Amino acid sequence: MGSETPLKLPFIDFSDVDQNSTNALNWDLTKSRVHQALEEFGCFEASFTDISPELHTSIFDSLQQLFDLPLQTKLKNRSQKPFHGYVGQYPQVPLYESMGIEEAPVLEKAESFTKILWSEGNPEFCTTIQQFSEKLSKLDQIVRKMVLESLGLDKYMVEHMCSTDYLLRVMKYKGPETNESKLGLNAHTDKNIVTILHQNQVDGLEVQTKSGDWIKVQPSPNSFIVMIGDSFYAWTNGRLHSAYHQVMMSGEKARYSLGLFSIPKAGYVIKAPEEVVDEEHPLLFKPFDHVEFLQFYYTEAGQRAQSALKTYCGV
């Protein structure tokens with residue numbers, strides 16, 4: 001008997017998707033596939049041609065340049081928000097380090113971040129980061145609009161789309177210099193609305209299915225992984241799936257990746273609309289502030305909980 005075909009994430013092509021075009025059928029077909037993928041897997045692989053091959057190349061050149069900076073320089077990337085600044089030097093995940101660029105699609109914010117690390121400036125780095133984030137934010141907006149439409153929540157569209165800011169998180173995983181798999185990043189769910197991940201050609205991302213199996217994700221060089229976070233899972237009252245995922249590393253090559261996170265603004269209360277609560281789908285979570293939830297997540301109790309979200313605000 002032949003071996004079973006390995007599990008793969010759904011692949012969705014956004015190349016010809018435009019809500020403002022006359023091709024409404026293409027939008028509706030793609031919307032249906034997005035909803036199904038996020039309901040079943042909590043994520044999918046996306047083709048999105050708004051980002052040119054040149055920008056794909058230059059973003060990873062920029063990441064390598066960034067992480068090659070001295071540690072004391074990288075430590076200047078600070079934030080009062082959990083997991084928004086430099087993260088590294090952790091004994092539990094020695095291969096991992098990352099940095100956060102708040103509101104990266106906004107040119108002034110990208111310039112501010114750049115000047116912190118390069119006092120003389122670095123226009124090429126700044127332009128690359130800003131343009132990549134701005135273009136990728138369009139994919140985030142398309143996906144979120146499709147989700148709200150598919151759930152019949154159009155009347156919340158403006159409020160929902162205005163309730164978030166963007167964080168670009170850039171990551172490096174050192175090669176462990178062994179063919180044995182070593183932990184790059186612990187299994188976790190994201191806590192935000194939507195995450196869009198992109199990587200160089202060193203694999204490592206693994207996503208857990210609802211049945212508990214792990215999918216070794218092997219995206220193409222120009223594709224992206226779109227993933228639902230706990231905040232969107234809560235806002236849709238569990239209609240979407242927030243998947244556990246981890247990074248496992250082997251070999252000698254470093255893995256560079258980046259994630260564009262749409263994150264609820266401080267003070268914005270995440271509350272499931274009444275339309276997604278009924279007898280078949282009872283309310284799962286009390287209303288909560290994302291920043292306060294994050295603060296709980298990074299406490300000892302939050303880290304110990306099997307589901308920090310349910311522990312924090314489960315009904």
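Author: The questions below concern salt bridges and a surface patch in this predicted model.

Reader: How many salt bridges does the structure hold?

Author: Side chains of opposite charge can pair when their charged atoms come close. Here a pair counts when the nitrogen lies within 4 Å of the carboxyl oxygen. The number of salt bridges in the structure is 9.

Reader: How many residues apart are Lys155 and Glu275?

Author: The side chains of Lys155 and Glu275 meet in a salt bridge, at 3.1 Å from N to O. Lys155 sits in the loop between α5 and α6, and Glu275 in the loop between β12 and β13. The pair thus links distant parts of the chain, and the separation is 120 residues.

Reader: Is Asp230 buried or exposed?

Author: Asp230 forms a salt bridge with Lys191 at 3.3 Å, N to O. Buried means under 20% relative accessible area. Because the relative accessibility of Asp230 is 7%, this residue counts as buried.

Reader: Which residue meets Asp278 in a salt bridge?

Author: Asp278 lies in the loop between β12 and β13, and its partner in the loop between α7 and β10, so the pair ties together parts that are 39 residues apart in sequence. Asp278 is partly exposed at 36% relative accessibility. The N to O distance is 3.7 Å, and the partner is Arg239.

Reader: What is the area of the nonpolar surface patch that includes Leu283?

Author: Leu283 is in the loop between β12 and β13, and its relative accessibility of 38% makes it partly exposed. Together with Val277 and Val315, Leu283 makes a nonpolar surface patch of about 250 Å².

How values were computed
Residues are numbered from 1 along each chain as its sequence is written. This is a predicted model: local features need pLDDT of at least 70, side-chain atom pairs count only at pLDDT 80 or more; totals for chains, interfaces and linings use all residues. Side-chain values use heavy atoms; hydrogens and water are left out. Patches are made of residues with over 30% relative accessible area and no salt bridge: like charges are joined within 9 Å, nonpolar side chains (Val, Leu, Ile, Met, Phe, Trp, Tyr) within 5 Å. Accessible areas come from the Shrake-Rupley method with a 1.4 Å probe; for residues, only the protein chains shown count as cover. Helices (H or I, at least four residues) and strands (E, at least two) are DSSP runs, numbered from the N terminus. Buried means under 20% relative accessible area, exposed over 50%, partly exposed in between (1.4 Å probe, protein chains only).
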